[in-house]
Amino acid sequence: MERFVREFHDAVVSEDGARLRHLVWLLCPGAQQAAAQARQANPTWNPALFASRLPAGWAEFLTLHCACLAAVQQGAHVEAYDKLVAALQHFLKVFREAPGAWVVGPMYSLVHNLSSVAQAADQELRLAGQRPDKLGDCGDQLRKCFAVSLQAPGKVCTWPVVAVPHGLTHMVLRAACTGARQPLQGTNMVQHTATSCLGAGHREKKLAALDIVNASIKIYFRLNTLRLCKNLMRTVESRQFAAFDSFPMSQRVTYQFYSGRLAVFDENYEQARQSLGFALAHCHKQAKKNKALVLKYLVPYDPIVAAMRNGDVKVFDDAMSTQQFLFIQEGTYLLLEKLRHAVYRRLLRKVHAVHAVLEPEKRTQVPLAQFQAALAIQGVVMSLDEVECVTANLIFKRYVKAYISHDRKIIVLAKKEPFPPLHMIVDV
């Protein structure tokens, strides 16, 4: 444990945010090994005895963080979560007071520690027959982190271009940027900005915000409280938020992925296509699992595709029924259900084509009974009133340009483009 604390101390003193990010990660091998060895040597060990040499704030944080590690190793996840929340309060105080942005790195780890331990704690509570409430509390804690990161003083710093000998580049950067570790290569002209350097100690504190937003949105999806996502996204789009391009690409991809999923729920399909398209295009080329996850929202499954192409309502119903549990688990069920209107529209278009051949002089006046008969052929039995209701919804959502003559039981289609291209109606 002494070795781990010494390493932690050195990282704090040297303001090495990248190293601290690794050390406070709950899965850090060194931290786990240190906690396990300390418990084995003395089951009643007190982490405070090891952490007391650290600067104020960090000592209290590490004491509680080590207690959290020990609780996790013992399978006591509820206790671990409570220790972690207590540790977070000390870290947030340090984050506010730290003069540099090197504390952004450990903030990343703490945010994800909170989420993972909260989920494990809720599972422990469920098994004990108690109400799982830690993930909801985690959302509250992340809001505190978000507020602190947004309120961080200062703005992105840009130092002027200066000419220096190449060998002195590292010294200039160390003088200009507290905590810098890597020299810029291949130039004797130095221009350094907090947003252009991704190393620890160079990020502006506000650049912790998007990762917190992403973690919060994931929690809101799990809790099915999507309305809370909107407030966060409005802040991301506001002027007080750092420029979106200044965040790491991985965080931007994650944000756009969830932004696209939310747009689907709002039936804003064009926005969903743009956001999910960004996530797919900029996803790391080796992240095949993540790409597949994005494609689940951009491209429906084979039976669904076949149903949409052929206007086969029965095939669509069967696919949704058979795969319902899987779709719900993957979070795609509501998205795919919204495609039902497109399937109905395709079938109605086929009915209209046949009717136009049989009665060209009344090609725009399609009897509802014909639509009903087409559904019956597929094995979908509906009353005429139900068919009229389906048609009315298609008209309301602008999948079809038409009106219904209730007395005559016919659909009167527009003479020009009665079935507008789907990409023209995605904003409705």
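Biologist: Why is S216 called buried?

Modeller: The relative accessible area of S216 is 3%. Buried means under 20% relative accessible area, exposed means over 50%, and partly exposed lies in between, with a 1.4 Å probe and protein chains only. Since 3% is under 20%, S216 counts as buried. The model is predicted, and local features therefore need pLDDT of at least 70, side-chain atom pairs count only at pLDDT 80 or more, while totals for chains, interfaces and linings use all residues. Residues are numbered from 1 along each chain as its sequence is written, and side-chain values use heavy atoms, with hydrogens and water left out.

Biologist: Where does S216 lie, and which residues does S216 touch?

Modeller: S216 lies in helix α10, residues 209-223. Helices (H or I, at least four residues) and strands (E, at least two) are DSSP runs, numbered from the N terminus. Leaving aside residues up to four places away in sequence, S216 touches L142 and L232. Contact here means heavy atoms within 4.5 Å. In the chain as a whole, 47% of the 428 residues count as buried, and there are 21 helices and five strands.

Biologist: What makes D82 and K134 a salt bridge?

Modeller: The definition asks for a side-chain nitrogen of Lys or Arg within 4 Å of a carboxyl oxygen of Asp or Glu. For D82 and K134, the closest N and O atoms are 3.2 Å apart, so the pair meets the cut-off. In general, side chains of opposite charge can pair when their charged atoms come close. By this rule the chain has 13 salt bridges.

Biologist: Are D82 and K134 buried or partly exposed?

Modeller: D82 has 39% relative accessibility and counts as partly exposed, whereas K134, at 15%, counts as buried.

Biologist: How do you know that K409 forms a salt bridge with E388?

Modeller: The closest N and O atoms of K409 and E388 are 3.5 Å apart, which is within the limit, so this pair qualifies. K409 sits in the loop between β4 (402-405) and β5 (410-413), E388 in helix α21 (residues 384-396), and the two are 21 residues apart. K409 is partly exposed at 25% relative accessibility, while E388 is buried at 14%. R340 and E337 also form a salt bridge, their closest N and O atoms being 2.7 Å apart. E337 counts as partly exposed, at 25% relative accessibility. D317, E337 and R340 are linked in a network of salt bridges.

Biologist: What makes β3 and β4 the edge strands?

Modeller: The open sheet of three strands has the order β3-β5-β4, with antiparallel pairing. The strands β3 (365-367) and β4 each pair on one side only. Helix α19 (residues 340-358) packs on this sheet, touching β3 and β5, and its direction makes about 110° with that of β3. Helix α20 (residues 368-378) lies across β3, β4 and β5, at about 50° to β3.

Biologist: Why are α13 and α14 called roughly antiparallel?

Modeller: Helix α13 (residues 269-282) and helix α14 (residues 288-298) pack at an angle of about 160°, with axes 9 Å apart. Axes are lines fitted to C-alpha atoms, for helices over the stretch in contact, and angles run from 0 to 180 degrees between N-to-C directions. Angles under 35 degrees count as roughly parallel, over 145 as roughly antiparallel, 65 to 115 as roughly perpendicular, and the rest as oblique. The angle of about 160° is over 145, and α13 and α14 are therefore roughly antiparallel. R273, L276, G277, A279 and L280 in α13 meet K291, V294, L295, Y297 and L298 in α14.

Conventions: Two strands pair if DSSP finds at least two bridges between them.
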